[in-house]
Amino acid sequence: MARLATPPHLLTTTLGLAMRWAQTRSMWPATFGLACCAIEMMATGTAHNDLARFGMEVFRASPRQADLMVVAGRVSQKMAPVLRQVYDQMADPKWVISMGACASTGGMFNNYALVQGVDQIVPVDVYVPGCPPGPQSLMHGILTLQDKVMAGELAR
């Protein structure tokens, strides 16, 4: 008995791959700018850098409309519970980018008032190094996150 071949013009994929593709093309970031890195994060959305080409042209003010949190800047001990509350209110699946040395490790501020790494509060998927990292660095971090989501590495 002869096997039936799939026509070459028929597009086939798995449901998981299609869902991951849709998730990477429609990430909606929540703003969580805390210090000087926030200026660089805002510059990423300007016409010169054009974050809209990745499907993220609008930073959401409501955590219920966002699935990507970009923590830009140092996190104080008083801000940590607020950051966790915003993270908990975000839609699933959700991702976190730690932007800058202060958000990632506390930076040069090694004292009792600051959290020494946002990964103590929320799980971080991508770290963007620098002090402050430029808009191109943040876009590289976003593309790295998209690659991880497409590869299925960040299934929670």
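Good morning. I begin with D50, which sits in the loop between α2 and β2; helices (H or I, at least four residues) and strands (E, at least two) are DSSP runs, numbered from the N terminus. The model is predicted: local features need pLDDT of at least 70, side-chain atom pairs count only at pLDDT 80 or more, and totals for chains, interfaces and linings use all residues. Residues are numbered from 1 along each chain as its sequence is written, and side-chain values use heavy atoms, without hydrogens or water.

D50 is not a glycine, yet its phi is positive, at about 55°. Most residues other than glycine have a negative phi. With a relative accessible area of 34%, D50 is partly exposed, that is, between buried (under 20%) and exposed (over 50%), with a 1.4 Å probe and protein chains only.

I turn now to the sheet. In what order do its four strands lie? The order is β1-β2-β3-β4, in an open sheet with parallel pairing; two strands pair if DSSP finds at least two bridges between them. At the edges are β1, residues 29-33, and β4, residues 126-128, each of which pairs on one side only.

Consider strand β2, residues 68-72. Five bridges join β2 to β1, and the two run parallel; here F32 has V71 of β2 as its bridge partner. A crossover is right-handed if, with the strands pointing away from the viewer, the path from the first strand over the helix to the second runs clockwise.

Strand β2 also pairs with β3, residues 95-99, in the parallel sense and over five bridges. In this pairing V70 stands opposite I97. The β-α-β unit of β2, helix α3 (residues 80-89) and β3 is right-handed.

How many of the five residues of β2 are buried? Five of the five are buried, and the strand is mostly covered. Both of its faces are covered, with L68, V70 and A72 buried on one side and M69 and V71 buried on the other.

Most peptide bonds are trans. Thank you.
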